[in-house]
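Let's take a walk through this fold together, starting with the overall layout and then stopping at a few spots along the way. Have a look at the chain first.

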Amino acid sequence: MDGLPSGYRPNVGVCLINSDNLVFVASRLNVPGAWQMPQGGIEDGEEPKSAAIRELLEETGIVSAEIIAEVPNWLTYDFPPAVKAKVNRLWGGEWHGQAQKWFLMRLTKDESEINLASGEADPEFAEWKWTSPEEVIEQAVDYKRPTYEEVMRTFRPYLNESGIAAKCKSSKW
């Protein structure tokens, strides 16, 4: 993959927006209170765009989305020491952090398609919501915040800054 920084796990991120230009975030099952956009590893031989579509399906059940834009370069973040030890054990590597290709996607059908326990992969999220770009950044874990800021800055021309966050949705209820 062109320009992939060495020592970083290749990964994709999806900034999914709805018809109100609000951004989809979900809270992690294993890190209560940590909200993030869908993301995940790129498999061997997989193109980033295909990985983004696959990750969106696996993590949210969504198939009805179109790609609007892409961050042109790899964005990286480093893992804090405790996270680094855990993920390197899980993934069987020695990664400093993740290098991500980000895609802006728009939901093309209604949100009834969203299913955090779709069976495509082990569930990662407890609940989800639509929120403003500013809240996405505010509610991200510290070490991902600079990446989220860059993603929102890049996609700003496509986002409506005046969106009001919708009610939180949960797969537990």
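Two strands count as paired if DSSP finds at least two bridges between them. Keep that in mind for strand β2 (residues 23-28), which runs antiparallel to β8 and is joined to β8 by 6 bridges. One of the spots to look at is A26, whose bridge partner in β8 is W128. Bear in mind that what you're looking at is a predicted model.

Now zoom out. The chain has 4 helices and 9 strands. Starting at the N terminus, the order is β-β-β-β-α-β-β-α-β-β-α-α-β. The radius of gyration of the chain comes out at 15 Å, close to the 16 Å that the globule rule gives for 173 residues, so the chain is as compact as a globular protein of that length. If you'd rather think in boxes, the C-alpha atoms fill one of roughly 40 × 35 × 30 Å along the principal axes.

What about the inside and the surface? Buried residues account for 47% of the 173 residues. The chain exposes about 8600 Å², with carbon and sulfur atoms supplying 50% of that area. As for charge, there are 18 positive and 27 negative charges, and their mean positions lie 4 Å apart. Looking at contacts with a separation of 6 or more, 76% are between residues 24 or more positions apart.

V71 gives you a residue-level view. This valine is in the loop between β5 (65-70) and β6 (75-78). Is V71 buried or exposed? Its relative accessible area is 0%, and under 20% counts as buried, so V71 is buried. Leaving aside residues up to four places away in sequence, V71 touches K101, W102, T154 and F155. V71 and L104 are 33 residues apart in sequence, yet their C-alpha atoms sit 8.2 Å apart in space.

Last stop: N21, in the loop between β1 (8-17) and β2. Most residues other than glycine have a negative phi. N21, which isn't a glycine, has a positive phi, near 60°. N21 is also buried, with a relative accessible area of 15%.

Terms used: Residues numbered from 1 in each chain as written. Predicted model: local features only at pLDDT ≥ 70, side-chain atom pairs only at ≥ 80, totals over all residues. Heavy atoms only, no water. Helix = DSSP H or I, 4+ residues; strand = E, 2+ residues; numbered from the N terminus. Rg over C-alpha atoms; globule rule 2.2 N^0.38 Å. Buried < 20%, exposed > 50% of the residue type's maximum accessible area, 1.4 Å probe, protein only. Contact = heavy atoms within 4.5 Å. Areas by Shrake-Rupley, 256 points an atom, 1.4 Å probe, with all protein chains shown as cover. Lys, Arg positive; Asp, Glu negative; His and termini not counted. Charge placed at Lys NZ, Arg CZ, Asp CG, Glu CD.
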